[in-house]
Amino acid sequence: MESSQDSTRARMSTSEDARARRTRAKLVDTFAQLAHDGRPVTVARVVKHSGVNRTSFYAHFSSLDALAVESLTELFEMVGSVDAANRGKGRNAETSERSLLDVARFIGERRAVYVPLLQAGTFHQAIEDAFTERNVQTLRSIEGLSADVDIDVTARFVAAGALGVVSAWLRTGDPAASDDLARRLRSALPSWFTA
């Protein structure tokens, strides 16, 4: 059963009210700025730096994890738009590597924030779901994709695998640069996915 707080959050996330959209955007932007400074992000820091009170924060997001998911979902959407625009122009391998590089750089530059979040089940699952949805869109755009490729299974497999590699990279402090990680991830993908 949905609580009144859940109902409020659902309304706020789809609200056409300019104030609600500005508040939500302010919280996402503040999270992104704080995540970039390398220190752990807390709800207290987000509300302090955004100028949004704690009650309003919780009217928009159930937790810091939910805000982090929103931030990464926006990244996946941006990367996906660039990916979709460049696919089919003879640069698919380069496009795949660029997409992976953008995600790896974004997360790598914010290790202090994403290492603890990626350990948590809720955040990890939400990011895997967002990445899977992005992969479904990419797979559907591939011309001549073999009929025996199960798009949903392949999208989830690629998302979970890539997220697992990125999580291990963050957790272990692997010194590989984001560029190297992106190349290694791309080389693990099936050639029909990237070519």
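Helix H3 carries five buried residues, listed here as Val43, Arg45, Val46, Val47 and Ser50, where buried means under 20% relative accessible area with a 1.4 Å probe, counting protein chains only. Helices here are DSSP runs (H or I) of at least four residues, strands (E) are runs of at least two, and both are numbered from the N terminus. The model is a predicted one, in which local features need pLDDT of at least 70 and side-chain atom pairs count only at pLDDT 80 or more, while totals for chains, interfaces and linings use all residues. Residues are numbered from 1 along each chain as its sequence is written, and side-chain values use heavy atoms, with hydrogens and water left out.

The buried residues of H3 pack against H2, helix H4 (54-60) and H5, contact being defined as heavy atoms within 4.5 Å.

Stepping back to the whole protein chain, the secondary structure consists of eleven helices and zero strands. Of the 195 residues in the chain, 43% are buried. Among contacts with a separation of 6 or more, 65% join residues 24 or more positions apart.

The largest nonpolar core contains 51 residues, and Phe31, Leu67, Tyr114 and Phe123 touch the most other members. Such a core is a set of buried Ala, Val, Leu, Ile, Met, Phe, Trp, Tyr and Cys residues joined through side-chain atoms within 4.5 Å. In soluble globular proteins, nonpolar side chains tend to be buried together. Leaving out residues up to four places away in sequence, Tyr114 touches Phe31, Ala68, Ser71, Leu72, Phe106, Ile107, Phe123 and Leu170.

Phe31 also takes part in the packing of H2 on H5, where Arg24, Leu27, Val28, Phe31 and Ala32 of H2 meet Leu64, Leu67, Ala68, Glu70, Ser71 and Glu74 of H5. Seven of the residues in this contact are nonpolar, one is polar and three are charged; Ala, Val, Leu, Ile, Met, Phe, Trp, Tyr, Cys and Pro count as nonpolar, Asp, Glu, Lys and Arg as charged, and the others, Gly among them, as polar. The two helices pack at an angle of about 85°, with axes 10 Å apart. Axes are lines fitted to C-alpha atoms, for helices over the stretch in contact, and angles run from 0 to 180 degrees between N-to-C directions. H2 and H5 are therefore roughly perpendicular, a label covering 65 to 115 degrees.

Finally, Thr132 lies in helix H8 and is buried, with a relative accessible area of 7%. Beyond its neighbours within four places in sequence, Thr132 contacts Ala155, Arg156 and Ala159.

Technical notes: Buried means under 20% relative accessible area, exposed over 50%, partly exposed in between (1.4 Å probe, protein chains only). Angles under 35 degrees count as roughly parallel, over 145 as roughly antiparallel, 65 to 115 as roughly perpendicular and the rest as oblique.
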